[in-house]
Amino acid sequence: MSDTPPARPIAQRDSQTLLEDLCIALRYVGISNYQFHPEDARKKITEVQSIHQELSRRHFDPTDRLTELSQQTKWRMLDLLEDCLAYPRAIPYVKDPDGIRIHLRCHLCRTAEHPPNPEFWMCDNCLKRVIDAIESKTPINGIILFRTFNTSARCAHADSDTVLAADSWQETIFGNCAKCFTEELQRRSSGLPRPTLKEFTIDLTNVKSFTDIISAFNDGLIKPAGGNWNGNLDAFNDYLSWPPEQAYRLILLGWNRVYPILSATPFHGSQTMLDVITEIFQHNPQVQIVYS
Ligand SMILES: [Zn+2]
Ligand SMILES: [Zn+2]
């Protein structure tokens with residue numbers, strides 16, 4: 001804990017101090033960008049509102065100081081103040097000098113914005129350009145077009161003939177088809193939020209045997225969907241499609257404990273249980289596996 005004495009109530013601070021406190025609070029809102037610590041950001045936004053209210057009551061205009069701060073930070077501080085005052089009607093995302101909100105800048109053209117929490121980090125116009133690129137099989141800047149035999153590297157709509165697009169800056173290759181981009185465009189124009197992926201967690205942190213692994217999958221995934229897995233691997237493949245959600249995220253907690261058990265359990269010939277289960281996961285691209 002810092003031993004800084006608590007700040008004096010706003011009404012008791014002199015205007016110059018308040019002006020600097022306003023700058024500090026605005027910088028904090030700008031850095032947090034309303035994403036890392038929304039709770040702290042909300043407190044600072046409330047502080048900005050209270051300080052501004054007090055300065056207005058004293059007819060003290062912060063414009064010159066905030067213009068100076070904008071030049072120092074390269075952020076549009078007057079816009080940020082305005083958004084803080086409009087909060088919660090507006091979310092104060094900090095803007096670059098060209099007026100684009102940094103957090104929402106399109107990764108492809110870099111001159112427009114995408115909506116908050118998009119499926120693809122690009123503006124509507126770039127979504128259309130990517131669809132055109134896929135359909136005409138003509139790559140555009142920042143996008144790689146490809147086909148793949150790897151089911152784990154393509155969307156659930158695709159097969160090995162489908163033309164896919166991926167951002168060229170991504171470290172892992174994952175391609176989406178024209179349908180994926182078209183659906184995102186439709187979702188944006190309908191104003192509906194992105195469906196969040198349902199998560200199932202399999203707690204494998206204390207497993208000691210294949211029997212324990214079977215129980216863990218039963219508890220975390222299969223029993224809630226109305227089934228009971230006896231350890232047969234063909235059945236496991238089927239059970240992966242039992243949850244009512246077409247696509248879901250499967251979090252395998254403590255996978256490092258499972259790994260030695262499965263790789264030491266022979267299945268058929270030289271194949272181990274680990275090989276087979278890994279293969280089953282690969283054949284179910286609708287299940288996003290998170291090894292944790
Ligand atoms: Zn764009
Ligand atoms: Zn697709």
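**Note on a three-domain predicted model**

1. The centres of domain 1 and domain 2, taken over C-alpha atoms, are 39 Å apart. These belong to a chain divided into domain 1 (10-102), domain 2 (124-190) and domain 3 (198-291). The model is predicted.

2. On confidence, the chain has an average pLDDT of 89, and 94% of its residues score at least 70. Where in the chain is confidence lowest, and where highest? The lowest value falls in strand 7 (residues 287-291), with a mean of 81, while helix 5 (residues 124-136) has the highest, at 98.

3. Helix 3 covers residues 63-73. Of its 11 residues, 1 is buried, so helix 3 lies largely in the open. A residue counts as buried here if 20 or more other C-beta atoms lie within 10 Å of its own. Just after helix 3 comes K74, which takes a positive phi of about 65°.

4. An open sheet is formed by 3 strands in the order 3-4-7, with parallel pairing. Strand 3 (198-203) and strand 7 are the edge strands, each pairing on one side only. On average, neighbouring strands of this sheet are turned by 20° against each other, direction ignored.

5. Within the sheet, strand 3 pairs with strand 4 (residues 248-253) in the parallel sense over 6 bridges. Which residue of strand 4 is the bridge partner of I202? That partner is L252.

6. Helix 7 (residues 210-222) packs on the sheet and touches strand 3 and strand 4. The direction of helix 7 makes about 160° with that of strand 3.

Technical notes. Residues numbered from 1 in each chain as written. Chains lettered and ligands numbered in written order. Predicted model: local features only at pLDDT ≥ 70, side-chain atom pairs only at ≥ 80, totals over all residues. Domains from an automatic or database assignment. pLDDT = per-residue confidence, 0-100. Helix = DSSP H or I, 4+ residues; strand = E, 2+ residues; numbered from the N terminus. Buried ≥ 20, exposed ≤ 12 C-beta atoms within 10 Å, placed from the backbone. Pairing = 2+ DSSP bridges. Axes fitted to C-alpha atoms, helices over the stretch in contact; angles between N-to-C directions. Contact = placed C-beta atoms within 7 Å.
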